[in-house]
Amino acid sequence: MARKTKEEAERTYHLLLDAAIDEFMERGVAHTTLLQIATRAGLTRGAIYWHFKNKDELIMALWHHKTGADHDMFCKEMRELKPEQGAEHFRMLMTMMVAQLGQDPRMRQTLHIISTVMEYSDPDSEISTYMFQRSEEVHGALAAAIQTLQNQDIIKIKTPADIMASGAFAYFVGLADICMMNSCSKHHDVDVGAHAKDLVDLMVGGWF
């Protein structure tokens, strides 16, 4: 019975996250209430408050569920990049993340929601702090990988790794913006996923 209860709670959790994406995309984050999300999921007000105390907590859970595993894998692989893995592994990791952005509609929608929230959130709020930490993790992992490859003269450019990581991160953000436009408008049809390798080569092709 306990296992069934746990499975039901997990199912409710996922129903609420999917309903939240749909409501946020239709109404906008500011105009969506937790009750509307619960109603869309076919659940009660009590059910959503059992899982989430407020919208910020729900959005952080949304980010963790939809992008957290990919984020953690990318950061770990970049931080632990070995010189013998070389440029190809670095390019592969970059390409994989860009392709994921282009091919996963729920990830694109989640990033759009978070981007919207960050525009009006207090810089000292819990969600702003949380997302800043996630951004710093990506930046730090990129810088570590770049420094490893520079130390072995695999990356020929001698610009400080931190600066190069900032450029790569900004490029990622720009591609994410394109993906978000694809999700929100029928007038943008840039297939980022299909051209992931070419897009990464545009950024890092001259590094090696």
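The legends below describe several views of a predicted model. Residues are numbered from 1 along each chain as its sequence is written, and side-chain values use heavy atoms, with hydrogens and water left out. Local features need pLDDT of at least 70 and side-chain atom pairs count only at pLDDT 80 or more, whereas totals for chains, interfaces and linings use all residues.

**View 1. The whole chain and its two domains, domain 1 and domain 2.** The protein chain holds 9 helices and 0 strands, where helices (H or I, at least four residues) and strands (E, at least two) are DSSP runs numbered from the N terminus. Along its principal axes, the C-alpha trace spans about 60 × 45 × 35 Å. Domain 1 covers 1–52 and domain 2 covers 56–204, with bounds that come from an automatic or database domain assignment. Taken over C-alpha atoms, the centres of domain 1 and domain 2 are 28 Å apart, and 16 residues of domain 1 are in contact with 15 residues of domain 2, contact meaning heavy atoms within 4.5 Å.

View 2. Leaving aside residues up to four places away in sequence, Tyr13 touches His51, Phe52 and Ala61. The C-alpha atoms of Tyr13 and Ala41, which are 28 residues apart along the chain, are separated by 9.9 Å.

**View 3. The kink of helix 4 (residues 55–79).** The kink is centred on Thr67 and amounts to about 65°, the bend at a residue being the angle between axes fitted to the seven residues ending there and the seven starting there.

**View 4. Packing of helix 4 with helix 7 (residues 126–151).** The axes lie 10 Å apart at an angle of about 10°, and so helix 4 is roughly parallel to helix 7 (angles under 35 degrees count as roughly parallel, over 145 as roughly antiparallel, 65 to 115 as roughly perpendicular and the rest as oblique). Among the residues that make the contact are Trp63 and Phe74 of helix 4 and Tyr130 and Leu142 of helix 7. The residues of this contact divide into 14 nonpolar, 2 polar and 5 charged.

**View 5. Crossing of helix 5 (residues 86–103) and helix 6 (residues 105–120).** The two axes come within 5 Å and cross at roughly 90°, which means that helix 5 is roughly perpendicular to helix 6. Gln100, Leu101, Gly102 and Gln103 in helix 5 meet Pro105, Met107, Arg108 and Leu111 in helix 6, and the residues of this contact comprise 4 nonpolar, 3 polar and 1 charged.

How values were computed: Axes fitted to C-alpha atoms, helices over the stretch in contact; angles between N-to-C directions. Nonpolar A, V, L, I, M, F, W, Y, C, P; charged D, E, K, R; others polar.
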